[in-house]
Amino acid sequence: MPELRYIDAINQAHHEEMLRDERVLVMGEDVGRKGGVFGATMGLLEKFGEDRVIDTPLAESSIAGVAVGMACNGLLPIAEFQFADFIHPAFDQIVSEAARMRYRSNNAFSCPVVFRAPYGASHGTALYHSQSIEAFYAHVPGLKVVAPATPYDAKGMLKAAIRDPDPVLFLEHKRMYRVVKGEVPDGDYTVPIGPSAVRRQGKDLSVFAYGWMLHESLAAADAAAAEGIEAEVVDIRTLAPLDRGTILTSVAKTNRALIVYEDNSFMGYGAEIAALIAEHAFSDLDAPVMRVAAPDVPGVPFAKPLEEWFVVTKDKIAAAMRKLAAY
Amino acid sequence: MSAETKATVTARHRGLGLSDQDVQDMYYYIVLARALDDRMWVLQRAGKAMFVISGAGHEGCQVAAMWPLDKRRDWLVPFYRSVAACLVKGMSPADLLLGLFARATDPSSGGRQMPGHYGHPRWKILSTSSPVGTQYPHAVGIAYAAKLRKTGEVTMVSVGEGGTSEGDWHEALNFGAIHKCPVLFIVENNELAISVPLRKQMAVESVALRAAGYGMPGVRADGSDVLECYRVAREAYDRARRGEGPTLIEYRVPRLGSHSSDDQQERYRSKEELEQVRRRDPLQTFRTYLESVGVLGEAKLKEITDRVRREIDQATDEADRAPLPDAASAARHVFAEGD
C-alpha cells in the first residue's frame, strides 16, 4: 500500500469522488487555479473544469448558502472554508439552514453538503489561523462533525461524508497535512461516520482525543509506558453523532479517564465526554475525570513563548497521565 | 369611456400576451389569497391559531411574478409573505391552513414550524426558515445546479426590503450575477421592516438601483399595477431562460395589515397613512382594470367570489379536522433514517 501524507489522502478522495459521481463539485476561495491554499483541491480544475471546481467570491456565508441550494437541487457540493477561523460568517447558513433542512421540512428535503475546514494551531498561526471550532458545531443536531487523524481515515471518511445524505462538517487539523503520513489504498473504500477507534490498548487509564491531539496523546502514551503506565488511547474521529459505547467500554476497563482537546477548556468538546462518563460510568471510576485543554484566553497568541504556553503538547499530556495514574 | 379608449385599455393585457382567461385566473388567485389571508387572521383572533404572518397587499405582484413560471419545472424560494405565490405554484388553501393549525399532515413541516414557513419538493417550493435573506443564496445554489445539470429550471426568490440589508442578500446577487444563474431576485418592498421605515433601511431611493453594483439589470414596478408587475417578470424570466442571467425586480407594494398577529401597526402608522395604502390595494386596482375592459362582469365576479368562499370554507374544515402530530414523532428526521 502506498504511503501518503494526510493532505494527499484528502486530495485523492476529491479526485476519486468527482470522477465517480458527476453530482460532486467543489467550491471555495482559491480551490480552483491555486488548488487550495493547502493543496487539498490540487489538479481538480484541470480535470473537471470550472463549472465543477468553483473559485468563489470571498464571502463565506454564500459559500455555505449556495451549497445548501445546490444540495437541495440534486448536487453534492463540497464547500471549503480556507481556514476554520473564517467559517463564522457562515454559522447561520450551516446551523439554521443546512442542519435544520431535513428536520424542519419533516424529512421532505435533505441537505447533503460537506463543509471542509482546516482547523487548529500549527506553528505561528496565531489568533485567526489556529482556532478549534468543533464545540460550536458539534452542539448542533442535524449536523455531523468529524475530525479524522490518519491519512487512511481522512480519505475514507471524506468519501463517506460526500456520500452521506446529511450535512457533514469535515475538520482537518492543519498541522497534520504534511507531517502525518500513513498507508492509503489506491482504490475505493469508505470509513463509516460514527465509530471511534481504539488506537492503543492499555489497562491503567483511557485517553480520549481527536485530530492532532491524537498524535500528541499517542506520543505521551509512549513516554508514560516507559514509566510503567499503560494508557489506552481512543480516537474520537466522529465528534457528532458520538460513539458513546466505545468510550464507556474503555472506561469500564481502565477506570480512569483523561480527555485531551486543543480548544479552550471551558465548554470545549471534551466537556461533553466528561459529562457522558459522569452520567453513565460513575461507578466505574477510581479517579476524577481529568482534562488537558488550552487555557481560556481568546485565541492562540503568536510569539513563540506565548504559543508554547497555549498549545497542548505531549509533555503536558504525559504529566496529566502521571497525575491520573497516581491518584 | 369611449369605445376607442376602451380598446386601447383592453389591448394592454393582450399586448402582453395574456388572454382574457389568463387575467381572470390571475384575479381569482389574488381573491383566493386575500380570502385565505383574511380567514387566517379571523382564525387567530378566534383562538384557533397561535400566530399569523401573511401578505395582504402583496398578492398582485406575487401572482404576476409567478405567472411566467412553468409550475412543474421551475422553482419558488418563498418567504413568509408568499401566500399568493405558493397558491399559484400549486399549494391548496388547505395545504397552507394545515401549517397554520400545525397539523401532522401539514405538508411544509408536519407542524414543526411556525405558520407561514411554506415549502415542499412536490411543488418545487424550497422549505422556508425565519432569518430573512438566507433564502437568497439558496436560490442561487438551486439555479446554479439547474444550469450545471441543464434542467432548464428557472428559480424565483422573494424577500422584503428589510431583508436586502442582510449580507446574504448581497452575497447572493454577486454570486448569481458572476455565474449568470437563471434566477429572478424579487424584492417586495412595502416600505416597512416591521416598523422600521424605508429611509432608515437604505440611503438609496430604490432597491433596484443596487443591481448596477452587481452587473445585472434592476427594474421596479408598482405592485398595484398587476400587468406592469407581470411585464417586468416576463422579461426577466425570458432573459433567465435565454441564459443571460439574473434580474433584480423591485415591487413597491402596500402592506395592508400588521407585520404579524403579534404586531399592532396602528402604534407606528397614522390613520392617513393606512388610508393611503388601502387605495393602493392590488385587489381593487386590478378589479377596476378588469371591469373597465369588460373582462370581469357581474356574473363572472360572483362566480369567482362564490368559488373562493366555498374553497376557503372547505379548506378550513379540512385543516381543522386533521390530527395534531404525535409527540413521539418530534425526535424523528434529525438525520436520514434507515437504509
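Predicted model: local features only at pLDDT ≥ 70, side-chain atom pairs only at ≥ 80, totals over all residues.
**View 1. Helix α3 of chain A, residues 60–72.** The 13 residues of α3(A) should span 18 Å at 1.5 Å a residue, and the end C-alpha atoms are 19 Å apart, so the two values agree. The helix is mostly covered, with 13 of its 13 residues buried.

**View 2. Crossing of α3(A) with helix α6 of chain B, residues 135–149.** The two axes come within 6 Å and cross at roughly 50°. The crossing is right-handed. On the α3(A) side the contact is made by A:Ser62, A:Gly65, A:Val66, A:Ala67, A:Val68, A:Gly69, A:Met70 and A:Cys72. From α6(B) come B:Pro137, B:His138, B:Ala139, B:Val140, B:Gly141, B:Ile142, B:Tyr144 and B:Ala145. Sorted by class, the residues of this contact are 11 nonpolar, five polar and no charged.

**View 3. Contact between chain B and chain A.** Chain B contributes 34 residues and chain A contributes 33 residues. On the side of chain B that touches chain A, α6 and α7 (167–178) each supply at least two residues. α6(B) gives the most to this side, with 11 residues. The side of chain B that touches chain A comprises 17 nonpolar, 13 polar and four charged residues.

**View 4. Packing of helix α2 (residues 20–45) against helix α11 (residues 282–292), both of chain B.** The helices pack at an angle of about 155°, and their axes are 10 Å apart. An angle over 145 degrees counts as roughly antiparallel, so α2(B) is roughly antiparallel to α11(B). α2(B) passes α11(B) in a left-handed crossing. In α2(B) the contact residues are B:Val23, B:Tyr27, B:Ile30, B:Val31 and B:Arg34. They meet B:Pro282, B:Leu283, B:Phe286, B:Arg287 and B:Leu290 of α11(B). The residues of this contact divide into eight nonpolar, no polar and two charged.

Notes: Residues numbered from 1 in each chain as written. Chains lettered and ligands numbered in written order. Axes fitted to C-alpha atoms, helices over the stretch in contact; angles between N-to-C directions. Helix = DSSP H or I, 4+ residues; strand = E, 2+ residues; numbered from the N terminus. Parallel < 35°, antiparallel > 145°, perpendicular 65-115°, else oblique. Left-handed = near helix turned anticlockwise from the far one by under 90°. Contact = placed C-beta atoms within 7 Å. Nonpolar A, V, L, I, M, F, W, Y, C, P; charged D, E, K, R; others polar. Expected span 1.5 Å × (residues − 1). Buried ≥ 20, exposed ≤ 12 C-beta atoms within 10 Å, placed from the backbone.
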